[in-house]
Amino acid sequence: MNVSPTVWLLTVAVLCALVAVDFFIGRKPHEVSIREAGTWTVVWIVLACAFGVFLGFYGGGGPAGEFFAGYITEKSLSVDNLFVFVLIMGKFAVPAQYQQRVLMVGVLVALVLRAGFIAAGAAIISAFSWVFYIFGAFLIWTAWKLIQDARKEEHEEEYQENKLLKAAERRFGVADRYHGTKLWIKQDGKRVMTPMLVVMLAIGSTDVLFALDSIPAIYGLTQDPYIVFTANAFALMGLRQLYFLIGGLLEKLVHLSYGLSIILGFIGVKLVLHALHESGVHVPEISIPFSLAFIVLVLAVTTFTSLRATRKQQAGDSDRR
């Protein structure tokens, strides 16, 4: 899709305005109610759908289909990421009224990081078409690893700090308690980090790992940087509200890893087929309508089987009591 610099600037300006509105709404620390989270989750989804319809008028059905396929995929990966956010919040015992501030900063960091990854990915793809082989192989490997982790039940119950975070804590020191939303305080005459800054760094560093999966996945559905960027942006915006809305539901999505592994594996195969086609090999390519239908079907089946399995387990636990 031929997107002019003016459209790019307008899009970025509108997205920045939406982020500013989100920050304005959540500027005062408070516990987010289910009603508030549900209302704003619907608002962000409606905005994403409206943008997809706009793309349909602006660029045709193809770009709109690519956007919706990318948006649904990125949103699904974001839901899986919420598991890690829950662990981080528990690890650092973040008070409920401050959790939304942590997530707001985390989403902003994720937007900036993914913008950089998207730009780098677009540059690499334009220069080296064989990179699709690497992206495809990486997604297939990631899909296999997700299945292995799900089978072995390797999802840790406690977040493990990475080396970068531990090094920062040793270098600057950490206060013994939260001081509102302050990031730095003076303690014993020394400037130290607060637990609020530490947890924000934990969320931000985790976002880097998330981007390594999500960017190759969406480039398997579309090679248009504009669609890649906007699909990621709309998938991330509203993630804060989604965290509070489905926080309790996350534990019930026991088959989500299997569903995401199928989707990532499917996109990986799609990328390899596309790479072969670009190399002159006559192989069938998977269309966007089929990809969109497949992704929606997998997520629907995964959600159904997850909730069914959870109900059976709860019924079994009740019978044993």
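Guide: Ring pairs join Trp8, Phe51, Phe54, Tyr58, Phe67, Phe68, Tyr71, Tyr226, Phe229 and Phe234 into a cluster. The model is predicted: local features need pLDDT of at least 70, and side-chain atom pairs count only at pLDDT 80 or more, while totals for chains, interfaces and linings use all residues. Residues are numbered from 1 along each chain as its sequence is written, and side-chain values use heavy atoms, with hydrogens and water left out.

Rings of Phe, Tyr and Trp (its six-membered ring) pair if their centres lie within 6.5 Å; planes under 30 degrees apart count as stacked, over 60 as edge-to-face and the rest as tilted. By this rule there are 16 aromatic pairs. One of them, Phe266 with Phe294, is stacked, at 4.3 Å centre to centre and 25° between the planes. Phe266 belongs to helix α10 (residues 256-278) and Phe294 to helix α11 (residues 288-320), so this pair ties together parts 28 residues apart in sequence. Helices here are DSSP runs (H or I, at least four residues), numbered from the N terminus. Phe266 is buried at 11% relative accessibility, and Phe294 is partly exposed at 23%. Buried means under 20% relative accessible area, exposed over 50%, and partly exposed in between (1.4 Å probe, protein chains only).

Now the charges. The structure holds one salt bridge, meaning a side-chain nitrogen of Lys or Arg within 4 Å of a carboxyl oxygen of Asp or Glu. Arg114 forms it with Glu74, their closest N and O atoms being 3.2 Å apart. Both residues, Arg114 and Glu74, are buried.

Definitions and conventions:
Helices (H or I, at least four residues) and strands (E, at least two) are DSSP runs, numbered from the N terminus.
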